[in-house]
Amino acid sequence: MVKSFLHGPIPVKTRRAKENAASLVAFLTKSAVDLSHTDPAMAREQAALARKVKLRFNVRLDPSLTRFTCHGCKGLLVPGVSARVRLGHGKQAILRVTCTNCGHVNRRIINEA
Ligand SMILES: [Zn+2]
């Protein structure tokens, strides 16, 4: 049902279509994160599909879900499954999330104050 419109003609990018696409992307990402512990292959497929929909409809992923995407390989990033999380102590506390698929280090400053 999802795949059919991805391989057909490019749908009209109305506001409603974009809203539907955004909710579908959020759903697919959440589902992929949940599945990553039990069915990694399915989770990877769902994450790839979410990215495909995201790019076709030009929608952004919800900010709460962006941390589950690797900026290096654009794959799924789940701590304990496909990512290693380390806390860096310096002037600023930095969270380093290393992707185990490609080795890219996704950094995030924790306290900006
Ligand atoms: Zn990666």
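The chain contains 3 helices and 3 strands. Helices are DSSP runs of H or I with at least four residues, strands are runs of E with at least two, and both are numbered from the N terminus. Along the sequence the pattern reads α-α-α-β-β-β. The structure is a predicted model, in which local features need pLDDT of at least 70, side-chain atom pairs count only at pLDDT 80 or more, and totals for chains, interfaces and linings use all residues. Residues are numbered from 1 along each chain as its sequence is written.

Of the 113 residues in the chain, 20% count as buried. A residue is buried if 20 or more other C-beta atoms lie within 10 Å of its own, exposed if 12 or fewer, and partly exposed in between; the C-beta atoms are placed from the backbone. Contacts require C-beta atoms, placed from the backbone, to lie within 7 Å. Among contacts between residues at least 6 apart in sequence, 45% join residues at least 24 apart.

Helix 2 spans residues 15-35, and helix 3 spans residues 40-57. Their axes come within 8 Å and cross at roughly 160°. Axes are lines fitted to C-alpha atoms, for helices over the stretch in contact, and angles run from 0 to 180 degrees between N-to-C directions. The two helices are therefore roughly antiparallel to each other. That term applies to angles over 145 degrees; under 35 is roughly parallel, 65 to 115 is roughly perpendicular, and the rest are oblique. The crossing of helix 2 and helix 3 is left-handed, meaning that the near helix is turned anticlockwise from the far one by less than a right angle.

On the helix 2 side, the contact includes Ala17, Leu24, Val25, Leu28 and Leu35. Helix 3 contributes residues including Met42, Leu49, Val53 and Phe57. The residues of this contact divide into 14 nonpolar, 3 polar and 2 charged. Ala, Val, Leu, Ile, Met, Phe, Trp, Tyr, Cys and Pro count as nonpolar, Asp, Glu, Lys and Arg as charged, and the others, Gly among them, as polar.

Asn20 is also found in helix 2. Asn20 counts as partly exposed because it has 15 C-beta neighbours inside 10 Å. Asn20 and Phe57 are 37 residues apart along the chain, and their C-alpha atoms are separated by 9.6 Å.

The loop between helix 3 and strand 1 holds Asn58 and Lys74. Most residues other than glycine have a negative phi. Asn58 is not a glycine, yet has a positive phi of about 55°. Lys74, likewise a residue other than glycine, has a positive phi near 65°. Asn58 is exposed, with 9 other C-beta atoms within 10 Å. Lys74 is partly exposed, with 14 such atoms within 10 Å.

The 3 strands form an open sheet in the order 1-2-3, with antiparallel pairing. Strands pair if DSSP finds at least two bridges between them. Strand 1 and strand 3 (105-109) are the edge strands, each pairing on one side only. The twist averages 20° from one strand to the next.

Strand 1 (residues 83-88) and strand 2 (residues 94-99) are joined by 6 bridges. These two strands form a hairpin with 5 residues between them. Arg84 stands opposite Thr98 in strand 2. Strand 2 is joined to strand 3 by 5 bridges, and this pair also runs antiparallel. Here Leu95 has Arg108 in strand 3 as its bridge partner.

Note on methods
Contact = placed C-beta atoms within 7 Å.
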